[in-house]
Amino acid sequence: MNEDRKYIVRIAIVLVATAFLIKLFSIQVLDDNYKAAAESNIIHTVTEYPYRGLIFDRNGKLLVYNEPIFDLDAVPKELYIEDTLMLSGMLGIDYEDLLSNLQKARRYSSIQPTTIVKQVPNQVFAKVQDQLVDFDGIYPKARTIRGYKYNSLANVFGYIGEVSKRQLDRDTTNYYKSGDYMGITGLESSYENYLRGKRGVKYKMVNVRRVEKGSFKDGELDTLSIPGENLTLSIDMGLQAYAEKLMEGKIGSVVAIEPATGEILTFVSAPTYDPAHLAGRNFSDNFKQLTTDSLKPLFNRPLMAMYPPGSIFKIVQGLIALEEGVIGANDKIYCDHSLIGDHAPPGLYDMRKGIMLSSNNYFARVFRLVINQHPEMSQFEQAPLGLANWKEQVGRFGLGLPLGVDLPNEKSGFMPGPDYYNRVYGTGRWKVSNLTSLSIGQGEILMNPIQMANLAAIMANRGYYYKPHIVKSIGESNYLLPEFREKVETGISAEHFPVIIQGMADALRGTAPRAIVPDIEICGKTGTVENPHGEDHSVFMAFAPKDDPKIAISVFVENAGWGGRAAASTASLLIETYLKGSHNRQWLEDYVLVGDFKDKKRKAPKAPVLADSVKVDNNNVLQNENVE
């Protein structure tokens with residue numbers, strides 16, 4: 001029995017030895033990997049980063065492209081740098097930073113490549129690439145950063161940055177790796193999956209002197225990078241540039257929309273910044289300056305700034321009242337100044353005149369009719385029911401919730417409901433008189449400028465809208481995301497729009513004579529938004545032409561006073577420029593550029609006489625730009 005065991009042990013030893021011999025034969029003779037190592041060759045993995053998709057405007061103008069840069073990777077085991085100071089000087093980087101990065105690379109791994117210098121500009125790399133051969137263990141890696149044809153649209157494009165550890169941890173697709181770049185804000189973020197493309201990889205053999213010996217296995221294992229999809233924006237670059245010019249030196253926003261599609265033609269956040277400042281090696285310093293700037297240029301005002309809309313909200317109030325049937329378009333209400341302060345004169349008002357002269361007291365009374373629709377109940381019981389119904393109808397206009405714009409960080413605004421006032425006053429302890437400021441777009445109501453422009457688009461379309469979007473199409477197939485092809489209905493009957501729209505057309509002869517453009521019938525509404533911290537804000541929303549709308553617009557200028565001045569003048573110039581290709585009112589452009597909107601001595605231009613005058617009992621047409 002013992003003899004049998006000896007034989008079994010000997011046979012096992014022979015089998016194990018044979019297996020080792022076969023493996024050694026395979027490693028040393030058959031396997032190319034070890035053959036390469038035996039010949040003092042190194043297999044170097046080169047990641048090929050794809051070009052991000054380009055960005056064009058609606059007319060095919062190139063807006064965003066890719067500029068080549070280079071990162072330098074170091075493999076510590078191979079590293080030999082005779083003069084570190086000379087290397088930092090060649091590359092134009094801080095000497096202490098280079099030493100710190102080299103130490104980090106050694107701590108991380110002796111054999112894995114680690115980036116020690118990032119974003120060497122192409123022109124710098126071209127001068128030093130021949131000298132880099134003298135620095136063992138350093139390998140250049142081609143990358144790209146964003147380049148911009150225009151100093152414009154920074155808040156639209158956003159910027160790209162190196163992926164953080166937190167983002168890596170949240171990446172369920174496992175696409176990103178340390179050192180990758182991704183869109184952080186703006187379109188670069190919201191369309192990241194389309195813009196980023198797909199990485200490729202190449203395996204190259206280099207000898208100990210880092211001389212390339214060719215592709216490993218003739219490139220059999222290599223994969224090609226795939227460029228990202230191009231984006232075509234709905235932005236009209238000419239109109240955008242002009243809008244930004246008109247908003248220079250001001251705080252506010254301009255949003256213009258094509259009503260028939262929801263495509264955003266112009267998107268201005270003022271003040272803004274040069275998008276090139278957040279691309280390249282100076283990103284950190286520039287970002288710090290922008291974040292500490294008291295004017296907040298990184299703050300995307302069209303999406304994130306929330307203001308009381310002021311008198312433009314009277315349009316919504318009027319439509320809801322007509323739809324509820326609590327008042328007819330031609331029903332007249334006598335209005336004095338007993339309910340709320342007013343610039344419109346006392347007298348009889350119907351819906352058209354109420355819009356034209358922007359009567360606060362008329363819409364305060366209309367709002368009461370909407371809220372108090374149950375006379376059998378007390379006012380304390382009616383108010384919560386009426387306000388809940390009102391809030392639901394307001395929400396159909398895309399107010400009080402995000403519209404779903406294809407840019408990140410869109411705010412919802414705020415439309416108060418019964419729950420809010422229950423918290424403020426207590427349940428059953430408030431009535432319609434506590435809500436009067438809501439009737440004129442003040443109080444707790446908040447809207448952002450893109451919602452204001454979308455409201456103008458709703459009026460242009462007589463009751464519906466498409467979600468505002470800034471990307472017209474994606475890639476060569478001209479793909480548009482499905483959510484931007486769906487019509488959104490407000491639920492307001494088409495029959496109620498003509499009287500409101502006519503009131504908006506008349507308003508230019510009432511509160512906004514500067515907005516009048518010969519040969520273009522503009523329908524607009526001014527607003528002067530109370531500001532407890534200084535001068536009132538100027539707001540204007542409009543669409544044109546009246547019967548075949550091509551553009552809907554909102555302009556909001558902070559601390560600029562009457563809506564018929566700064567905002568209406570700016571919108572008028574942009575509408576005329578878009579529809580006619582130019583404008584013939586240099587005096588008005590000068591007025592906007594100078595920005596002296598609070599000069600009460602300036603006279604409004606004489607408005608033409610209305611062909612179809614408003615027939616009311618008194619104050620037929622008030623030629624006064626200050627009526628709000």
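Modeller: Let's start with Arg 585, which forms a salt bridge with Glu 576, the closest N and O atoms being 2.9 Å apart. A salt bridge here is a side-chain nitrogen of Lys or Arg within 4 Å of a carboxyl oxygen of Asp or Glu. Glu 576 is buried, with a relative accessible area of 2%, and Arg 585 is buried too, at 8%. Buried means under 20% relative accessible area, exposed means over 50%, and partly exposed is in between (1.4 Å probe, protein chains only). Salt bridges that share partners also join Arg 52, Arg 146, Glu 188 and Glu 192 into one network.

Before we go on, keep in mind that this is a predicted model, in which local features need pLDDT of at least 70 and side-chain atom pairs count only at pLDDT 80 or more, while totals for chains, interfaces and linings use all residues. Residues are numbered from 1 along each chain as its sequence is written, and side-chain values use heavy atoms, with hydrogens and water left out.

Arg 585 has another neighbour to meet. Ser 572 touches Arg 585, and also Arg 514, Ala 515, Ile 516, Val 517 and Leu 588, not counting residues up to four places away in sequence; contact means heavy atoms within 4.5 Å. Ser 572 sits in helix H20 (residues 566-580) and is buried, with a relative accessible area of 1%. Helices (H or I, at least four residues) and strands (E, at least two) are DSSP runs, numbered from the N terminus.

Now for the network. Glu 192 counts as buried at 4% relative accessibility, and Arg 52 is buried at 8%.

Another salt bridge joins Asp 506 and Arg 352, with the closest N and O atoms 2.5 Å apart. Asp 506 lies in helix H19 (residues 497-510) and Arg 352 in helix H14 (residues 351-357), so the pair ties together parts that are 154 residues apart in sequence. Both Asp 506 and Arg 352 are buried. By the rule above, the count comes to 18 salt bridges.

How does this fit the whole chain? The protein chain has 21 helices and 20 strands, and 51% of its 628 residues count as buried. Among contacts between residues at least 6 apart in sequence, 72% join residues at least 24 apart.

S11 runs antiparallel to strand S12 (residues 263-270), joined by 7 bridges, and antiparallel to strand S20 (residues 551-557), joined by 6 bridges. Two strands pair if DSSP finds at least two bridges between them. Ile 257 has Ile 264 in S12 as its bridge partner, while Ala 256 stands opposite Ile 553 in S20. In the hairpin of S11 and S12, which has 4 residues between the strands, Gly 262 takes a positive phi near 80 degrees.

In helix H4 (residues 95-108), Leu 98, Leu 102 and Ala 105 are buried. They cover an arc of only 60 degrees around the axis, which puts them on the same side of H4; the arc is that of the directions from the helix axis to the C-beta atoms. The face turned away from that buried side carries the exposed residues Glu 96, Arg 107 and Tyr 108. What covers the buried residues of H4 includes helix H3 (84-91) and strand S4 (114-121). Ile 81, in the loop between strand S3 (62-74) and H3, touches Leu 102, along with Leu 87, Phe 135 and Ile 138. Ile 81 counts as buried, at 16% relative accessibility.

Methods:
The expected span of a helix is 1.5 Å times one less than its number of residues.
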